[in-house]
Amino acid sequence: MAGNDPIVDALLLTRGADFVNTWHIADTDPNIPAGTTARIEFTESDDTDAVILATWASTSFTVGERDITCRVESDDSGDDLDLIDGLYYRLIVTIPDTPENLDHCWYRGKTKRKQ
């Protein structure tokens, strides 16, 4: 089958804690190109026309040659990250290309709170 099939995986949250995760590319994949950015978009459903309710912007991400790390700080009460519990997410990686950038959905799934 042709086309991109994103990896399906849950995005796990712990009540009142910061979110930190690193995604690694496969050993056989080439390095991530310089200038690549990432973001996570949240929606209420997994439908293709679902409205984006929130986005973790590229400022929350560190992109290396072999991995992408996301760090989102919880506010003092921990409520801000708890609000995305149960929403669906897409990790979008934007790779510099010509004439336009390439947006690639690498991961998708549902957010879940463990505690």
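The points below take the aromatic pairs and then the cysteines.

1. The model is a predicted one. A search of the whole structure returns four aromatic pairs. One of them joins F19 and W56 in a tilted arrangement, with 5.2 Å between centres and 45 degrees between the planes. F19 belongs to strand β3 (residues 19-24) and W56 to strand β5 (residues 52-56), so this pair ties together parts that are 37 residues apart in sequence.

2. Burial of these two residues deserves mention. F19 has a relative accessible area of 6% and is buried; W56, at 9% relative accessibility, also counts as buried.

3. W56 also forms an aromatic pair with F42, here edge-to-face, at 4.9 Å centre to centre and with 70 degrees between the planes. This pair links distant parts of the chain, since F42 lies in strand β4 (residues 37-43) and W56 in strand β5, 14 residues apart. Both F42 and W56 are buried. Through such ring pairs F19, F42 and W56 are linked into a cluster.

4. The search of the whole structure finds zero disulfides. Viewed from C105, the closest cysteine sulfur is that of C70.

5. Both of these cysteines are buried: C70 has a relative accessible area of 0%, and C105 has a relative accessibility of 14%.

Conventions: Residues numbered from 1 in each chain as written. Predicted model: local features only at pLDDT ≥ 70, side-chain atom pairs only at ≥ 80, totals over all residues. Heavy atoms only, no water. Phe/Tyr/Trp six-rings, centres within 6.5 Å; stacked < 30°, edge-to-face > 60°. Helix = DSSP H or I, 4+ residues; strand = E, 2+ residues; numbered from the N terminus. Buried < 20%, exposed > 50% of the residue type's maximum accessible area, 1.4 Å probe, protein only. Disulfide = S-S within 2.5 Å.
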